[in-house]
Amino acid sequence: MGLHHESTEFMDYDPAGQAAFRKWLRDTRHLDLASLGKRWFDDEHHFRSWDEVTIPSQFEFFGDFNDGTLNLLDGWLWRQDSPSAETDGWYKSDYVPTDDWTKTALAPSMKQLFLFGSSRDKDLRDGKSTVAWFRKEFDPSAWLARNPGKQVYIVAQVGDMSSQPVDVFLNDAYLGPIKPKTVWAGPIAFKATTLLRPGRNVLVLKVGNGLIRGPVFLTTDEPRRYPYLGRARNARFVDLRDWSAEKLILGWRREATFARASDPDTPFMFCPGGCREFWDHFLGLKRDLGISAIHFTGGGSSYMPWWAGIGDVLGTYMTSEEGGTTSDPPGLSRELAWMLLDASGHHNYYYDALDCMRIEEKTGWFTKNARLFELCGKMTWAKPPIAVLRTARSDNYFPYTASADDWDIGRSSLQAAHFQNVYVSEAEVQAGLADAYPVIFDAGTQVLDDTLLAALDRYVRGGGTFIATNVTGRHTSLDADAWPIEKLSGFKVLGERENMHVTVVPDNPLLRHMGGMTFNGNGIAVNWMGVNHLAEGAVALEPKDGDGVALAHWEDGTVAAGMRRLGKGRVIILASSFWRSMSDRAGNGVSLNGTVQTTFLSDLFTGLGLTRQADIDSEDVWVRRLITKNGLQDWVMAWNSGRGTAKDLTLTFPLAARPARVVDLVSGQDAAFTYQDGSVRVPIAEFPANEFRAFAVDRPGLLDAVDHWFAVKRKYETRVVVAKPSAPPLPPSGSVVMDSFKFRQADARAKDDLSWLTEPTDAAPWKDVSYGFWDEMGYAAKGIGLYRRTFRVPATWSGHRVLLCFASFDYPVFLEKAAVFVNGKRVGDYNGHPWANFDVLDATSVLKPGDNSLGVLVEATEGRGGYIGQMVAFPMENLEDPIDLTSGWKLFSDNRKFAPATLPLEADGRHLETQVAVPASYKNRDVFLEFEVANKWVYQVVVNGRAIAYNLFLHPYGDIMQVNLYPLIKPGEVNTIELWGRDPGSIPTQHMVVKSVRLGAVTRP
């Protein structure tokens, strides 16, 4: 369950979403109308009823986008960049746009996404620039008259990355390239008070990625970002962001609770993608529902050990998959190394097994690494001494900043220093699960509220060490620069320091190698775009109560790093980032780390009494200590993350007694070693880049092994029984799921001799099967497989068109080719394919009331045969007051040119568009667009500029579909309906076959 599927509460601003948001405010925030009014508007009488409470606009929080702003939504002209753009004067007020300019609108219209030449067609144009120009003429006279004497700002929600500045021209004045004041992407803003005038104004934006993702508007509110919005708007922002994250969890809980009540034994896997803004809820999901795995998508892009790290704390395995098939052996080897170091439960090398087969045929990579694959899933981490605190709020409240990444030392920095870590969110700290780790190192927790502060105070007083950075605890959720961390650290924040040096105190108690050394006060954390976000933000401190010890000083004598004893533990605050030295510019998914940083971390943790679980004399080589799940062996794994061969290395790891032998797990041979001072020493003469090594030693004591094995079982294999809900989470399904069959294999004659469709299935060779691969059920992997079953057609289906649907997100439904028969008659074929399985066959003409027979002949020639998706029979809606949309279509050949079209149609073009006068009688009814096409070319239905897709990843619709247009359709008005294919921004033309299109309503009881 996860982001790949419909597992949320409500994702828009429709009435259902508004109702769910109000319920959340009451049930989760425990707010009544008076307290909500006080929280959001500092006025307890602001709301008279809950109907007045609405979900805040996400654009409210930069420039206060509201009814009082001047929204420049419509009337824009768009054009792809040209070398002659400036020479021709596209930015000038007196320029007259030609027919090459395309009319477009801004969000919520999605028109831009379908403009040829926008960012989506970069590959089509051989990687050339995606730059486009936007031009808007507007008259702000009335708005300016309502806001006399006020400063005016123009806000453009361009969404460009900070590495792509926007060129801005207003009434012939060039305002220069303007960058978003954020890391990844975000809005830009500029003062326009003296440039605006009553009457005609011309605004021109030259945008790097060809799109403007949100509104452009005039405002008198100085644009600011959270947490500098003021207490009331901070509260609205926080509530919106918390709701946005938690509604996913609510959806998961609703569906998973129903499933768990029916089946307490089947493992649950949750798929959060790469998102961490709601991972503070995973502890509750583990406790209440017994989730067994957290699945990460995009595992091949870069090293991201978050799910493995928090999973080790919670007792959930990490599993992962690539975001796309990696085919080069170095990339595959790097990814395999990450899997092994993270003790991953499994990894999916993308959705098409044929991809892997082709890689193997070309490179032999899978065979060469067969032994390493045998090691996967057989071990867990030896308990690391360090927990990196990465709070959900850090990612949720600052979605466009890299603060957490800047300070996340678990993504390669600790590995370079040869220390291991887990990850914890605020939930694990508050629940006491972080108490098992001697050190918690913070990763950019800018917002620190009383609950987490109290939990950290308890952790430290109990004997733990908490390490804060210069951004830790700067704000509460509602108040900026409140510095609640002072309560814990014992140091008062005096203000920021720039362009100053830091000197480490000689003979300090922790940093023995760095004592007396001087450094630049601002460190380096260069992101993948080459931007260093640690160039500012360092602060100066002074002890508040006299119990703080300075570890480093600024050149003005104030404290740059300090330590405070608190109870049995201590708090260390690194107010300067002098020690940080990291770059994400390597391009291989692994950060580069400087020696100053490695030395600092080594000194710091050694000074705190931590010992390495394994060590090696190269910063490029990562090492990790693991224990086999059966408790019989310790494993030490090593991977050379560098760009060159390392030579004459010694791998060391502590062991209580000299082992009888050290086994090279790759070769299976005994490895040479020595034992000295309680440590095993394994010499490695040469260690090539990207190579992986693994060694094993037997653990003493069979009883200890049994204890470990049983502890692993208890931790990871949790059985949770929940009360059965009074009703299923969704309305009862009107479909029939084909989840069981009679099965046998046959030879090629079965393709012509169809007697198998009627032979008895209550004796050999027919066997009961469900989902699965043939070879895993005791049959040959390839050949012909025959599936048989009966299914009952309910009386309620009478008069409906009935479809057989083949549905699966990633994998094929049948492998590889399937011929489908209903009541002995062939209704069509299914050809197995990965990704986006929503194939349909019309079975209406061959069905009968009551029991019907289904037969499927599957032929597998390339890989493994099997039934691994879902086959479903369901009735289509009977449309009331249907409108046959045969005529009145426009077939567009590009953004502007079109020809009249009538259905049925077979032609090449960009998209199809029609205008429909929707009857007012459709109001308060579901309105469906029903179409029949060929080749599954329809990926998006666009209604009044808003797109409806199968899902986020643009899966194609089936060839026969009914798409509910609620809430985008407007009864009683003329509506624009468009049909688009896959990635419309990158396909200049596509082959369209359209048999029919209808529009109709359905009245619900």
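Modeller: Begin with strand pairing: two strands pair if DSSP finds at least two bridges between them. Helices (H or I, at least four residues) and strands (E, at least two) are DSSP runs, numbered from the N terminus. In strand S18 (residues 439-442), the bridge partner of Leu 389 is Asp 442. This is a predicted model, in which local features need pLDDT of at least 70, side-chain atom pairs count only at pLDDT 80 or more, and totals for chains, interfaces and linings use all residues. Residues are numbered from 1 along each chain as its sequence is written, and side-chain values use heavy atoms, with hydrogens and water left out.

Biologist: In which sense do S16 and S18 pair, and over how many bridges?

Modeller: The two pair in the parallel sense, over 4 bridges. Strand S16 also pairs with strand S17 (residues 421-424), again parallel and over 4 bridges. There, Ile 386 has Asn 421 of S17 as its bridge partner.

Biologist: Which residues cover the two faces of S16?

Modeller: In a regular strand the side chains alternate between the two faces of the sheet. For S16 (residues 386-389), Ile 386 and Val 388 lie on one side, Ala 387 and Leu 389 on the other, and all are buried. Buried means under 20% relative accessible area, exposed over 50%, and partly exposed in between (1.4 Å probe, protein chains only). Ala 436, in the loop between helix H14 (426-431) and S18, counts as partly exposed because its relative accessibility is 38%. Its C-alpha atom is separated by 9.1 Å from that of Ala 387, 49 residues apart along the chain.

Biologist: How many residues of helix H6 are buried?

Modeller: In helix H6 (residues 306-314), 9 of the 9 residues are buried, so the helix is largely enclosed by the rest of the structure. Among them are Trp 306, Trp 307 and Asp 312. Just after H6, Gly 315 takes a positive phi of about 90°.

Biologist: What is the order of strands in the open sheet that contains S23?

Modeller: The order is S23-S28-S29, with mixed pairing. Strand S23 (524-526) and strand S29 (592-593) stand at the edges with a single partner strand each, so one side of each is left without a neighbour in the sheet. S23 pairs with strand S28 (residues 581-583) in the parallel sense over 3 bridges, and Val 526 stands opposite Ser 583.

Biologist: Which residues have the most contacts inside the largest nonpolar core?

Modeller: In soluble globular proteins, nonpolar side chains tend to be buried together. A nonpolar core is a set of buried Ala, Val, Leu, Ile, Met, Phe, Trp, Tyr and Cys residues joined through side-chain atoms within 4.5 Å. The largest here has 129 residues, and Phe 466, Leu 604, Phe 605 and Met 637 have the most contacts inside it. Helix H7 (residues 329-341) gives the most to this core, with 7 residues. A second, separate core of 39 residues includes Val 840 and Phe 931.

Biologist: What does Phe 466 touch?

Modeller: Contact means heavy atoms within 4.5 Å. Not counting residues up to four places away in sequence, Phe 466 touches residues including Leu 389, Asp 442 and Arg 570.
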